[in-house]
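Hello,

Here is the structure you were waiting for. My notes follow it.

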Amino acid sequence: MSSVSRIIAAARPSLTASARAYTTTAAEAPAATEGYYKVTQTRSLIGVPKSTIKVLKSLGLGKKIGRPVFQPHEPSAAGKILKVKELVKVENMAGPIPPEGFQRTRATKGYKVVGKMF
């Protein structure tokens, strides 16, 4: 037992097992589930409040309708998606991000896209 656990046990000997579970170390914590949300903007931002536009920008959306963005399964991403649920379409993706999630649609400044590589 760690020193914190001993102090808590000495102060309150009537703690339940569920209360003692909060004193575990970070190595014993369960790993986060792997997977991603595929978020696609489906509606325009015209007439939308500025706070909602800021949430869309933080998700990586707002430039083009129909462009997907991949967000990890985290509570912060889920809260943002719930805030803008009327403007986006969400799909649950298991495993790593597919290759189309990293493709650029425009060339960097000074270059021209001639054709697709694949």
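At 68% relative accessibility, E34 counts as exposed. The cut-offs are under 20% relative accessible area for buried, over 50% for exposed, and partly exposed in between (1.4 Å probe, protein chains only). E34 is found in the loop between α2 (17-20) and β1. Beyond its neighbours within four places in sequence, E34 is in contact with H73 and G95; contact means heavy atoms within 4.5 Å. E34 and H73 sit 39 residues apart in sequence, yet their C-alpha atoms are 7.1 Å apart in space.

**Ground rules**

This is a predicted model, where local features need pLDDT of at least 70, side-chain atom pairs count only at pLDDT 80 or more, and totals for chains, interfaces and linings use all residues. Residues are numbered from 1 along each chain as its sequence is written, and side-chain values use heavy atoms, with hydrogens and water left out.

pLDDT is the predictor's confidence in each residue, from 0 to 100. The protein chain averages 76, and 61% of the residues score at least 70. Take care with residues 23-31: pLDDT stays under 50 there, and the model has 2 contacts beyond four places in sequence for them.

**The chain as a whole**

The protein chain has 4 helices and 3 strands. Their order along the sequence is α-α-β-α-β-α-β. Helices (H or I, at least four residues) and strands (E, at least two) are DSSP runs, numbered from the N terminus.

Of the 118 residues, 20% count as buried. The chain exposes about 9500 Å², with carbon and sulfur atoms supplying 59% of it. Accessible areas come from the Shrake-Rupley method with a 1.4 Å probe; for residues, only the protein chains shown count as cover. Among contacts with a separation of 6 or more, 72% join residues 24 or more positions apart.

**The core**

Which residues make up the largest nonpolar core? There are 12: V39, L45, V48, V55, L56, L59, L61, V69, I81, V84, L87 and V88. Helix α3 (residues 50-59) gives the largest share, 3 residues. A nonpolar core is a set of buried Ala, Val, Leu, Ile, Met, Phe, Trp, Tyr and Cys residues joined through side-chain atoms within 4.5 Å. In soluble globular proteins, nonpolar side chains tend to be buried together. V55 is in contact with K80, K83 and V84, leaving aside neighbours within four places in sequence.

Q41 lies in strand β1 (residues 36-41). Is Q41 buried or exposed? Q41 is buried, with a relative accessible area of 2%. Not counting residues up to four places away in sequence, Q41 touches L61, G62, K63, K64, I65, G66, R67, L87 and V88. The Q41 side chain also reaches the backbone nitrogen of G62 at 2.9 Å.

T40 lies in strand β1 too. T40 is buried, at 10% relative accessible area.

**Salt bridges**

The structure holds 2 salt bridges. The criterion is a side-chain nitrogen of Lys or Arg within 4 Å of a carboxyl oxygen of Asp or Glu. Side chains of opposite charge can pair when their charged atoms come close. E86 pairs with K85, the closest N and O atoms being 3.7 Å apart. K89 pairs with E91 at 3.6 Å, N to O. K89 is partly exposed, at 43% relative accessible area. E91 is also partly exposed, at 31%.

Best wishes

Definitions and conventions:
A polar contact is a pair of N or O atoms within 3.5 Å; within protein, one must be able to donate a hydrogen and the other to accept it, and residues adjacent in sequence count only if both atoms are side-chain atoms.
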